[in-house]
Amino acid sequence: MNPQANTLCDQAIALHQAGRLAEAEQLYVQVRRLEPGHVNACYLHGVIQHDRGQYGLALNSLEAALAASPRMPAALLYRGLSLEGLGRDADALASYSKALTLQPDMVEALSDRANLLCRMGRAGHALGDCDLALQYNPSFVPALFTKGQALMQMGRFGEALAFFDRTLALAPDFAIAHAPRGAVLHALGRGPEALAAYQRAPLDFDTLSGIGKVLHGMERYPEALAAYDGALNLKQDATTHNNRGGVLQNMRRMGEARAAYAAALALEPGHTEALNNRAMLLWQHYRDRDGALADREKLLARDPHHAFGLGHLLLLRLTGGDWREFADLKARADAGVQAGKEVIRPYVYQAISSSPADLQRCARLYSGRHHPQLAATWRPRQHKKIKLGYLCGEF
């Protein structure tokens, strides 16, 4: 122990607590020169470096602290955060878990591990960490927020909304909660409220992309396009290019829509929705059967269960007299219809099936899920004369 190092470290900590970070850092550096393994100086220097976004430097400082004191939960917590910043998610997860082995009631580590698990697509595990953190501290805002995110990821939108509302009730300035709150309101079909939530969020990529989705759903296409363009100025993203293509298609700007889908697929060649949308556009607007067929084949290889993907592929092949794999594709369509899956639309199925029972099953499945209001409006005829009406998609 170096008495001078301890005195300087105490001074640095006082400056740190007063928010005078640059002066505190200078003293931490001096302490580390006098005593390279000084635990507090290494740890707190690492905290400053992490908060500044210098994750590599922070990791070095925190490793030095842990070399001197391996059983230090706070240093393990910040080590995990720094590893996350460096994109080393598995190592970060291990660091949080080690911190929690040493201190099981460390709500910060539980919340940060839950946040990482959410980002890794493991919402169920994240939920468990959030619940445990909230047992220790029912008002811990980061855990409330992350529980909302986990529930949203699991499609439990009503419950997620309740947790985002609790987060903002306890911490009105917790601005990052507004964007996911907007996302769940949009998922619940509450467009105007979703838009209002997004407008209170920091104006980053996620917010602008979310605003675009809400405005798109409200058919406010020029505003949606502007929001997507703003998002893409901040970050190139395949889903946003695809969504932008949908807006342009609704605005009848077909060439630009085609370019937007191409941009999405350049970033992510297997993006299923971009493949689906471009295939639709190529066939329906450009009558480019070969281009549409290529996209359909890629889509089905990527996602064999994509809604109606099998039917679309069959339609394009039959349109061109292409009988490759017909027996196999028809058998898959029959099996899907019999299992109650959305594999083919009724009008396409009529061209390949000779089973009245399967045709009716397909029609009932499609109308029940996509046009449920039609069944409710039908009434038996009250007049003696039969009246016929003719309807065709090509009129």
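Colleague: Does α12 pass α13 in a left-handed or a right-handed crossing?

Modeller: This is a predicted model, in which local features need pLDDT of at least 70 and side-chain atom pairs count only at pLDDT 80 or more, while totals for chains, interfaces and linings use all residues. Residues are numbered from 1 along each chain as its sequence is written, and side-chain values use heavy atoms, without hydrogens and water. Helices (DSSP runs of H or I, at least four residues) are numbered from the N terminus, and a crossing is left-handed if the near helix is turned anticlockwise from the far one by less than a right angle, and right-handed if clockwise. For α12 passing α13, the crossing is left-handed.

Colleague: At what angle do α12 and α13 pack, and how are they oriented?

Modeller: Helix α12 (residues 191–198) and helix α13 (residues 205–217) have axes 10 Å apart and pack at about 160 degrees, the angle running from 0 to 180 degrees between N-to-C directions of lines fitted to C-alpha atoms over the stretch in contact. That angle makes the orientation of α12 to α13 roughly antiparallel (over 145 degrees).

Colleague: Which residues of α13 make the contact with α12?

Modeller: Contact means heavy atoms within 4.5 Å. By class, six residues of this contact are nonpolar, three polar and one charged (Ala, Val, Leu, Ile, Met, Phe, Trp, Tyr, Cys and Pro count as nonpolar, Asp, Glu, Lys and Arg as charged, the others, Gly among them, as polar). Gly191, Ala194, Leu195 and Tyr198 of α12 meet, in α13, Asp206, Thr207, Gly210, Ile211, Val214 and Leu215.

Colleague: How far apart are the axes of α10 and α11?

Modeller: The crossing of α10 past α11 is left-handed, and the two helices are roughly antiparallel to each other. Helix α10 (residues 157–170) packs against α11 at about 150 degrees, with an axis separation of 9 Å.

Colleague: How many residues of the contact of α10 with α11 are nonpolar?

Modeller: From α10 come Phe157, Ala160, Leu161, Phe164, Asp165 and Leu168, and from α11 His178, Pro180, Arg181, Val184, Leu185 and Ala187. One residue of this contact is polar and two are charged, whereas the nonpolar ones number nine.

Colleague: How many charged residues has the contact of α18 with α19?

Modeller: Helix α18 (residues 289–302) and helix α19 (residues 309–319) cross at roughly 150 degrees, their axes coming within 10 Å. Residues of α18, including Arg289, Arg296 and Glu297, meet residues of α19, among them His312 and Arg317. By class there are six nonpolar and three polar residues, and the charged number four.

Colleague: What is the volume of the largest pocket?

Modeller: A pocket is an open set of points on a 1 Å grid over the protein atoms alone, with protein on both sides within 12 Å along at least five of seven lines; lining residues have an atom within 4 Å of a point. The lining holds 34 residues, with Phe145, Gln149, Met152, Pro180 and Asp206 nearest the centre, and it divides into 15 nonpolar, 11 polar and eight charged. The volume, the space filled by probe spheres set on points joined across faces, edges and corners, is about 1200 Å³.

Colleague: Which helix supplies the largest share of the lining of the largest cavity?

Modeller: A cavity is a set of such points where a 1.4 Å probe fits but cannot get out, and the largest holds about 40 Å³. Its lining is Phe308, Val337, Lys341, Glu342, Ile344, Cys362, Leu365 and Tyr366, of which six are nonpolar and two charged. The largest share, three residues, comes from helix α22.

Note on methods
Parallel < 35°, antiparallel > 145°, perpendicular 65-115°, else oblique.
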